[in-house]
Amino acid sequence: MSFPRLLTAALCGGFLLLGSAQAQTPPKDKPPAAEKSTPKGRPAAPELRSCKLRLAWWEAPENPPELALQQDKDRTPFSPDIMSLSYIIEYRGEPNAVILKKTLTAELDKAGKPIVAWLPYCTIAVGAADTDLAVLLFPDEKRGIAQTRVFDFSQAGFPFGTVQLVNFTSARVAVAIDGATFVANSRGVARCPKVFTQRTVSSFKMAVAEPSGEQKVLRSTTMVFRPTARLLLFALENPGGDEDSRYLTKLIMDNFDDAPRQTQPPASVNKGKAPATQPKAKKGISPSPEGPL
């Protein structure tokens with residue numbers, strides 16, 4: 001029996017999980033624009049890009065490095081949160097944004113102290129049309145670098161009130177929310193076709209089809225969705241786990257916030273006076289959006 005029919009039976013009658021859904025794959029990275037040449041044959045300076053960068057650790061390294069984002073001749077230091085995209089830097093620079101890591105070299109200065117160097121840690125390709133990117137950092141402590149996974153967080157690419165499925169498994173994963181079905185192939189991404197314009201209590205179902213043909217229902221529950229939040233839902237695989245623990249899920253919830261956390265604290269203008277109470281910045285992750293996964 002085909003995968004859609006088996007999932008239909010598994011997720012109760014009338015629920016067609018994969019019948020009409022189309023799998024989506026992540027867009028290919030956009031190559032940086034080619035440098036233009038001047039009439040004299042000299043390469044012109046590369047075009048500058050302006051974009052919001054939301055930076056977060058997927059998992060924090062055991063020894064978190066000191067990081068900075070290179071912007072022209074300046075460095076903007078930052079310390080990313082874990083699985084939270086509330087930290088935003090307004091980037092303006094070359095198409096390949098470079099994150100640097102503070103490193104102590106073997107060379108010594110006149111005082112006998114190690115000389116500090118800022119070495120490349122990872123790069124982020126910023127396209128000409130990119131305005132808002134979420135960047136997850138996957139640290140590789142043995143090599144002293146990080147891999148990245150980038151998501152379009154513009155309102156057009158990922159509007160508030162919807163869900164995006166990121167499939168890190170070797171299988172196909174399907175999700176259905178109130179009958180709106182979307183499927184992500186292995187290592188692919190798919191976005192829910194439904195956008196919630198008001199607070200809604202919805203049925204949530206998730207299933208997986210392995211390359212061997214085996215199908216498994218992962219989640220069947222109720223969740224609350226809001227027009228002021230968007231969810232990144234990750235499907236993960238533990239190949240050595242038993243049947244009940246082989247597939248896992250993680251969730252990042254990004255809430256609409258008019259006042260995102262600043263990269264640098266503003267200068268105090270009222271010295272000696274207690275600052276006015278400010279509303280706390282909203283965190284970007286919630287392990288359970290009013291309903292267990």
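**Sheet and cavity**

Reply: Strand β11 (residues 163–167) and β14 run antiparallel and are joined by three bridges. Strands are DSSP runs (E, at least two residues), numbered from the N terminus, and two of them pair if DSSP finds at least two bridges between them. The model is predicted, so local features need pLDDT of at least 70 and side-chain atom pairs pLDDT 80 or more, while totals for chains, interfaces and linings use all residues. Residues are numbered from 1 along each chain as its sequence is written, and side-chain values use heavy atoms, without hydrogens and water.

Me: What stands opposite Leu-165 in β14?
Reply: Ala-190.

Me: In what order do the four strands of the open sheet come?
Reply: The order is β14-β11-β17-β18, with mixed pairing.

Me: Which strands stand at the edges?
Reply: β14 (189–191) and β18 (247–255); each has a single partner strand, so one side of each is left without a neighbour in the sheet. Neighbouring strands are turned by 15 degrees against each other on average, direction ignored.

Me: New topic. How many cavities of 30 Å³ or more are there?
Reply: One. A cavity is a set of points on a 1 Å grid over the protein atoms alone where a 1.4 Å probe fits but cannot get out; lining residues have an atom within 4 Å of a point.

Me: What volume does the largest cavity have, and what lines it?
Reply: The volume is about 30 Å³, and the lining is Val-224, Phe-225, Arg-226, Ala-229, Leu-231 and Met-253. β16 (215–225) and β17 (229–237) are the elements that give two or more residues to that lining.

Key:
1 Å grid on protein atoms, 1.4 Å probe; cavity = no way out; pocket = protein on both sides within 12 Å on 5 of 7 lines; lining within 4 Å. Points joined across faces, edges and corners; volume = space filled by probe spheres on them. Axes fitted to C-alpha atoms, helices over the stretch in contact; angles between N-to-C directions.
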